[in-house]
Amino acid sequence: MRALSTLLVAASVFAAGSAFAQPMANMSGMKAAPAAKTGQGIGVITAIDTKANTITIKHGAIPAVGWPAMTMTFKATPPTLLRGVRVGQNVGFDVRTRGMNAEVTVIRPR
């Protein structure tokens, strides 16, 4: 009887382990977060929002991140990038993207 009890306990532990392992095995199908891409652009500042720490730039194509020419609002990282720039100013800038999130990391007057 004791051997049967030990066998039942072992079978239960094995079954429980398999039940917990199954969800973990399914995680392999999950998509990883997109890798960050960086690039450089040239454009004209069309808006600055110091409260939201954003800058809108009408820019040319940025092939390094796969973007055509467009007007886009970026988060300024760090926010101090917004100091000393103005609407209408021509700038060069560095951008970092991760999925649909984009931020300007350097602004260079042109």
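F93 counts as buried because its relative accessibility is 0%; buried means under 20% relative accessible area, exposed over 50% and partly exposed in between, with a 1.4 Å probe and protein chains only. This is a predicted model: local features need pLDDT of at least 70, side-chain atom pairs count only at pLDDT 80 or more, and totals for chains, interfaces and linings use all residues. Residues are numbered from 1 along each chain as its sequence is written, and side-chain values use heavy atoms, with hydrogens and water left out.

**Overall layout**

- The chain has 1 helix and 5 strands; helices (H or I, at least four residues) and strands (E, at least two) are DSSP runs, numbered from the N terminus.
- Their order from the N terminus is α-β-β-β-β-β.
- Of the chain's 110 residues, 26% count as buried.
- Among contacts with a separation of 6 or more, 50% come from residues 24 or more positions apart; contact means heavy atoms within 4.5 Å.

**Aromatic cluster**

- The count is 2 aromatic pairs. Rings of Phe, Tyr and Trp (its six-membered ring) pair if their centres lie within 6.5 Å; planes under 30 degrees apart count as stacked, over 60 as edge-to-face and the rest as tilted.
- W67 and F74 make a tilted pair, 6.0 Å centre to centre, with 40 degrees between the planes.
- W67 and F74 are both buried.
- F74 also pairs with F93, again tilted, at 5.6 Å centre to centre and 55 degrees between the planes.
- This second pair links distant parts of the chain: F74 is in strand β3 and F93 in strand β4 (residues 90-98), 19 residues apart.
- F74 counts as buried because its relative accessibility is 0%.
- W67, F74 and F93 form one aromatic cluster.

- E103 sits in strand β5 (residues 101-109).
- Its relative accessible area is 18%, so E103 is buried.
- The E103 side chain makes a polar contact of 2.6 Å with the side chain of R96. A polar contact is a pair of N or O atoms within 3.5 Å; within protein, one must be able to donate a hydrogen and the other to accept it, and residues adjacent in sequence count only if both atoms are side-chain atoms.
- A polar contact of 2.8 Å joins the side chains of E103 and T77.
- Beyond its neighbours within four places in sequence, E103 contacts F74, K75, T77, D94, V95 and R96.

**K75 and N53**

- K75 lies in strand β3 (residues 70-76).
- Not counting residues up to four places away in sequence, K75 touches N53, T54, A102, E103 and V104.
- K75 and N53 are 22 residues apart in sequence, and their C-alpha atoms are 5.9 Å apart.
- N53 is in the loop between β1 (37-49) and β2 (54-59).
- With a relative accessible area of 24%, N53 is partly exposed.

**Backbone exceptions**

- Most residues other than glycine have a negative phi, and most peptide bonds are trans.
- N53 is not a glycine, yet has a positive phi of about 55 degrees.
- T77 and P78 are joined by a cis peptide bond, with omega about 5 degrees.
- P78 is in the loop between β3 and β4.
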